[in-house]
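I opened the model to look up a few local points and note them here. The entries follow the order in which I checked them.

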Amino acid sequence: MPLNLDAYWMPFTSNQAFKRSPRMLERAEGMHYWTPEGRRILDGTAGLWCVNAGHARPRITQAIAAQAAKMDYAPPFQMAHADAFRLAERLTQHLPPTLKHVFFTTSGSEAVESALKIALAYHRANGEAHRTRLIGRERGYHGVNFGGTAVGGMGPNRKWFGSQMAGVDHLRHTHDLGRNAFSRGQPEHGAELADDLERLISLHDASTIAAVIVEPVAGSTGALMPPQGYLQRLRQICSQHGIVLIFDEVITGFGRLGAPFAAQHYEVTPDLMTMAKGITNGCVPMGAVACHQTIHQTIIRATPHGIELPHGYTYSAHPLACAAALATLDTYEEENLFSRASSMSPDWEDMLHSLADLPFVIDIRNTGLVGAIELAPRMGAPVGSRAFEVYLSCWEAGLLVRTTGDTIALSPPLIIERQQIHEMGQILSNALRRLT
Ligand SMILES: Cc1ncc(COP(=O)(O)O)c(C=O)c1O
């Protein structure tokens with residue numbers, strides 16, 4: 001019987017177009033997916049920025065199976081299982097030294113909501129309950145829940161959902177094709193855009209601002225690297241004014257930039273850090289918030305008896321997710337995957353920038369194993385129509401890429417080999433040459 005595609009309402013998908021012409025995946029291993037027809041697809045996006053160690057790694061899948069057979073579920077409220085503590089401890093070994101505590105969630109969106117709530121709770125515990133304002137950035141993506149949508153800066157994701165949350169403002173984004181097009185690594189211009197925070201402080205007063213949340217590299221709006229000095233400046237202003245700085249490292253975590261986290265890569269330590277995706281190599285849903293010791297201590301000490309933070313999820317520190325994450329960390333560590341993006345980066349950068357002269361390419365950007373090709377919008381057509389055409393050509397030719405607006409975003413598993421980088425370049429080049 002043919003598969004009935006009607007009942008499943010697909011997320012972030014043009015359901016009507018997809019169901020007319022579906023793209024199905026059936027199996028995955030290493031750097032590849034396979035379709036039900038047996039076509040092999042090179043994974044240029046690590047699934048959705050999450051399968052950093054490549055697909056179906058036996059060590060991880062076996063750990064999940066063994067845990068499912070031993071204990072399928074354990075309630076995380078007022079009780080625990082040992083792997084939750086082991087995992088938090090293991091994660092802190094890869095975090096900046098001041099981020100000593102880890103709160104588990106089930107996704108990146110929930111990690112963002114949790115971080116925003118922890119920032120608010122911290123100020124309250126610290127006697128500054130008047131600090132309630134949350135600052136995001138234009139072109140930021142922080143998941144799809146109400147807090148994340150409100151601090152996020154993607155118009156199409158916001159306009160459908162009413163006024164979201166009161167007391168939110170946004171920094172200007174840092175994307176500047178006029179000054180920074182075709183930058184390799186961090187763009188040269190734009191550190192001064194961090195001073196936008198000073199502007200918002202003058203407008204609202206620092207005493208009303210709880211937190212600033214940014215992605216060190218903005219992923220979902222097209223892989224925007226931070227201008228040189230930008231994150232340092234943001235850190236400085238937050239520290240000066242007692243504002244909690246949150247780095248949303250849901251895509252930059254776990255080796256994507258050539259260090260465990262963007263915090264180490266850019267040498268800027270936030271007060272709270274969200275992570276997800278690569279934490280379990282994408283195998284089991286999980287997210288987390290890493291917290292500065294002062295924030296954690298302040299909240300814990302404010303309530304000597306009873307529950308200190310009335311927040312958590314049924315699936316916080318789920319046993320299957322913890323088993324997957326521990327086996328994933330073993331894999332990352334043994335295969336030195338946190339530094340692999342920096343050793344592959346020169347080849348990756350050369351491949352990407354070799355596409356610079358192809359039709360309609362208006363920017364190429366890269367860092368670690370992240371790449372973006374931005375195309376000129378097609379006059380009179382919906383946003384992203386050219387990029388989506390490239391996406392479809394690549395799919396036909398056996399390469400999975402991702403598009404966001406007019407940008408093709410690339411983030412392969414960190415195990416990618418040089419020959420596969422070359423193969424990606426060939427397929428992308430052919431697809432771009434066909435554009436009209
Ligand atoms: C920076 C960032 N934050 C949050 C999220 C949301 O994560 P999830 O889809 O796991 O809820 C994403 C997802 O892509 C992301 O890129």
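At what angle do helix α4 and helix α13 pack, and how far apart are their axes? This is a predicted model, so I note that before any value.

**Helix pair.** I looked up helix α4 (residues 82-92) against helix α13 (residues 319-334) and found an angle of about 35 degrees, with the axes 9 Å apart. The crossing of α4 past α13 is left-handed. I then listed the residues in contact. From α4 these are D83, A84, R86, L87 and R90, and they meet P319, C322, A323, A325, L326 and L329 of α13. Sorted by class, the contact of α4 with α13 holds eight nonpolar and three charged residues, and no polar ones.

**Ligand shell.** Next I turned to the ligand. I count 14 residues around the ligand, and the closest are S107, G108, S109, G143 and V250. Helix α5 (residues 108-125) gives the largest share of this shell, three residues. By class I have five nonpolar, seven polar and two charged residues in the shell.

**Helix α9.** Which residues of helix α9 (residues 196-204) are buried? I find D196, L197 and L200 buried there. Viewed down the axis of α9, the buried residues fall within an arc of 100 degrees, so they line one face of the helix. On the face of α9 turned away from this buried side I noted the exposed residues R199 and S202. I also looked up what covers the buried residues of α9, and the cover includes β5 (133-137), β6, β7 (209-214) and α10 (230-241). After α9 comes D205, which has a positive phi near 80 degrees.

Most residues other than glycine have a negative phi.

Where does W49 sit, and is W49 buried or exposed? I place W49 in helix α2 (residues 46-49). W49 counts as buried because it has 24 C-beta neighbours inside 10 Å, and the cut-off for buried is 20 or more.

Q164 lies in the loop between α7 (155-158) and β6 (168-171). I record Q164 as partly exposed because 14 other C-beta atoms lie within 10 Å, which falls between the cut-offs of 12 or fewer for exposed and 20 or more for buried.

Note on methods: Residues numbered from 1 in each chain as written. Predicted model: local features only at pLDDT ≥ 70, side-chain atom pairs only at ≥ 80, totals over all residues. Helix = DSSP H or I, 4+ residues; strand = E, 2+ residues; numbered from the N terminus. Near = placed C-beta within 6 Å. Nonpolar A, V, L, I, M, F, W, Y, C, P; charged D, E, K, R; others polar. Axes fitted to C-alpha atoms, helices over the stretch in contact; angles between N-to-C directions. Left-handed = near helix turned anticlockwise from the far one by under 90°. Contact = placed C-beta atoms within 7 Å. Arc of directions from axis to C-beta.
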